[in-house]
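Here are my notes on the model, point by point. Please read them with the structure open.

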Amino acid sequence: MPRNHFKRRLIIFLVGTALLVLSLVLVSLSQSSLKAYIIERMLNYRMSPEAAEASFNNVLNLVYIILWMALAIVLIRAINSLIFGLVFRLRKGYEAPNLVRNTFSIVAYIIIFVILFKQFYPKVELGALFTTSAIFGVIIGLALQDTLGNLFAGISLQADKPFQVGDVITVGKWTGVVESVTWRGIKLRTFQNHVVLISNSSAGKEAIEVCPRENLNARIVFFNTLYTDSPAKTIHIVREAVREADNVSQKIRPIVRIRDFGDSSVDFEVKYWLEDYTKFNDTDALVRQRIWYAFRRAGINFAFPTRTVQIERISKADGRRADGSEFIDRLNAVDIFAPLSAEETARLAKNSVRRVFAPGESVIRAGDEGSSMFVVHEGRVSVQISDNGKPRTVSVLNEGDFFGEMALFTGEPRTASVVAIEETEVLEIGFQAMKHLFDTNPDLVESLSHTITERRAELKARSEDVQESEDEAEGLLSVIKRFFGIS
Ligand code: CMP
């Protein structure tokens with residue numbers, strides 16, 4: 001509860017209590033003079049003194065009951081806030097549901113009313129008044145049929161405690177986050193940000209699916225591939241693509257499996273667990289996007305209905321080797337490749353493989369083995385190191401920049417992770433293609449070793465984890481030469 005709200009309530013409570021106590025005192029003090037005055041007035045209307053006194057007493061008792069009842073309401077509300085608001089929040093971390101609070105208040109009001117009534121009208125039998133009045137019973141029964149139904153269904157829901165505020169539930173056709181449970185019904189906020197009120201009695205008749213907030217809830221997304229694609233490769237690629245997506249829990253590894261052999265496709269499902277289940281729509285969508293990109297890179301195909309005839313000469317950006325001519329300009333713009341002849345650049349372009357990455361995907365993971373380097377063709381990537389378990393960016397590389405050369409030229413594990421900032425296309429250049437260039441361009445080794453030395457120095461300055469490597473003492477140049485078998 002906000003501070004100001006709490007303050008206002010406290011002031012209302014104090015003022016209300018003071019006014020009620022004051023009224024009670026005033027009524028008690030002025031009781032005898034009031035009585036004399038009113039009885040005298042009544043006698044003017046030819047009433048007998050006994051009848052006048054009895055009427056006065058009845059009215060006075062009613063006034064007392066109303067005042068005491070008002071005082072009781074104020075006090076019960078205060079106790080209610082204290083126990084079910086403050087104490088619950090301190091001990092359990094959340095306020096008690098409205099249903100519990102209202103039930104407590106109603107029971108307390110009834111008890112106090114009965115006590116007061118008995119006190120002021122000891123001769124009147126309250127029980128008999130209710131039980132003997134058949135008409136009263138029928139009226140109450142009809143009028144409160146739904147209300148009582150809701151109340152009792154609500155009480156049994158609360159006793160069971162199948163869900164809490166903040167859980168995602170599905171009741172009938174409605175799915176949403178529980179906002180409150182009152183004596184009347186359940187308030188849900190749907191994923192279209194609408195509020196749905198479901199009465200307790202109808203919720204009591206339906207099956208309710210509950211996805212508790214504290215639970216690792218799973219989702220299943222379906223996809224398919226052609227029969228010609230390898231299931232083992234598909235399963236590996238999808239699992240890796242999904243486990244890195246935001247909001248997918250790292251505690252349990254996603255499960256990818258074949259659901260069915262369809263008419264024109266192998267049907268798969270991927271099951272993964274969510275950190276925050278209220279965002280399952282966004283996460284499902286992200287998972288589908290990641291699968292699409294991963295398929296593109298790995299050359300796996302979604303199945304088309306077999307009646308569709310696909311005629312395609314070259315698949316663009318699908319990770320397969322094209323003739324490479326469109327990469328020549330890009331490679332010419334990379335400073336370390338400037339000394340290459342036109343023929344060498346053309347061969348390098350032909351031997352490069354284009355790969356596409358979704359925003360947030362890793363191109364390289366620190367610590368992995370690596371036998372290729374990359375040139376950013378389109379997009380941007382960030383070079384990240386781990387700082388107390390959290391990723392820290394050391395550099396952002398743009399179109400025309402290269403990375404991944406350290407592991408390729410020294411044989412050591414990857415020194416950093418490289419993550420796509422936006423959709424990024426890179427050209428991957430393998431060991432053999434570079435070896436060929438080194439044979440004819442010994443200067444290339446030198447300019448590369450300069451870049452590697454500079455980048456290592458920067459990494460070392462940014463992170464204490466990066467140790468001085470043996471290579472530096474020995475001379476990076478000779479390490480690269482030895483690694484590539486250059487004399
Ligand atoms: P490699 O170690 O193979 O894999 C991670 C890559 O990140 C690394 O090669 C470099 O290409 C790149 N890298 C590391 N440090 C830096 C840096 N300081 N600036 C730019 N790129 C870097």
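1. Which side chains meet in a salt bridge at 3.9 Å, N to O? They are those of Glu343 and Arg347. A salt bridge here means a side-chain nitrogen of Lys or Arg within 4 Å of a carboxyl oxygen of Asp or Glu. Both residues belong to helix α12 (residues 342–351) and are four residues apart, which means about one helical turn separates them. Helices (H or I, at least four residues) and strands (E, at least two) are DSSP runs, numbered from the N terminus. Glu343 is exposed at 58% relative accessible area. Arg347 is partly exposed at 34%. The cut-offs are under 20% for buried, over 50% for exposed and partly exposed in between, with a 1.4 Å probe and protein chains only.

2. A word on the basis. This is a predicted model, in which local features need pLDDT of at least 70, side-chain atom pairs count only at pLDDT 80 or more, and totals for chains, interfaces and linings use all residues. Residues are numbered from 1 along each chain as its sequence is written, and side-chain values use heavy atoms, with hydrogens and water left out.

3. The whole-structure search gives 16 salt bridges. One of them joins Arg355 to Glu428, at 2.6 Å from N to O. Arg355 sits in strand β9 (residues 353–357) and Glu428 in strand β16 (residues 424–430), so this contact ties together parts 73 residues apart in sequence. Arg355 is partly exposed at 23% relative accessibility. Glu428 is buried, at 17%.

4. Loops are tied too. Glu422 and Arg380 form a salt bridge, with 3.1 Å between the closest N and O atoms. Glu422 is in the loop between β15 (417–420) and β16, and Arg380 is in the loop between β11 (372–378) and β12 (381–387), so the contact spans 42 residues of sequence. Both ends are partly exposed: Glu422 has a relative accessible area of 33%, and Arg380 has 32%.

5. Now the aromatics. The search of the whole structure returns 13 aromatic pairs. Rings of Phe, Tyr and Trp (its six-membered ring) pair if their centres lie within 6.5 Å; planes under 30 degrees apart are stacked, over 60 edge-to-face, and the rest tilted. Phe223 and Phe295 have ring centres 5.8 Å apart and planes at 75°, so they are edge-to-face. This pair links distant parts of the chain, with Phe223 in strand β6 (residues 217–225) and Phe295 in helix α10 (residues 280–298), 72 residues apart. Phe223 is buried at 8% relative accessibility, and Phe295 is buried at 1%.

6. A further edge-to-face pair is Trp292 with Tyr293, at 5.1 Å centre to centre and 85° between the planes. Trp292 is partly exposed at 37% relative accessibility, whereas Tyr293 is buried at 10%. Phe223 and Phe295 also belong to one aromatic cluster with Phe268 and Phe302.

7. Two arginines deserve a look against rings. The charged end of Arg259 sits over the ring of Phe222, 4.2 Å from its centre. That of Arg455 sits over the ring of Phe402, at 5.0 Å. The test is NZ of Lys or CZ of Arg within 6 Å of the ring centre and within 35 degrees of the ring normal.

8. What is the strand order of the open sheet of five strands? The order is β4-β3-β2-β1-β5, with antiparallel pairing. Two strands pair if DSSP finds at least two bridges between them. The edge strands, β4 (195–199) and β5 (208–211), each pair on one side only. Strand β1 (residues 168–171) runs antiparallel to β5 and is joined to it by four bridges. Ile169 has Val210 as its bridge partner in β5.

9. Finally, backbone angles. Most residues other than glycine have a negative phi. Asn247 has a positive phi of about 75°. Asn247 is in the loop between α9 (231–243) and β7 (255–261), and is buried at 19% relative accessibility. Asn388 also has a positive phi, near 55°. Asn388 lies in the loop between β12 and β13 (390–397) and is exposed, with a relative accessible area of 77%.
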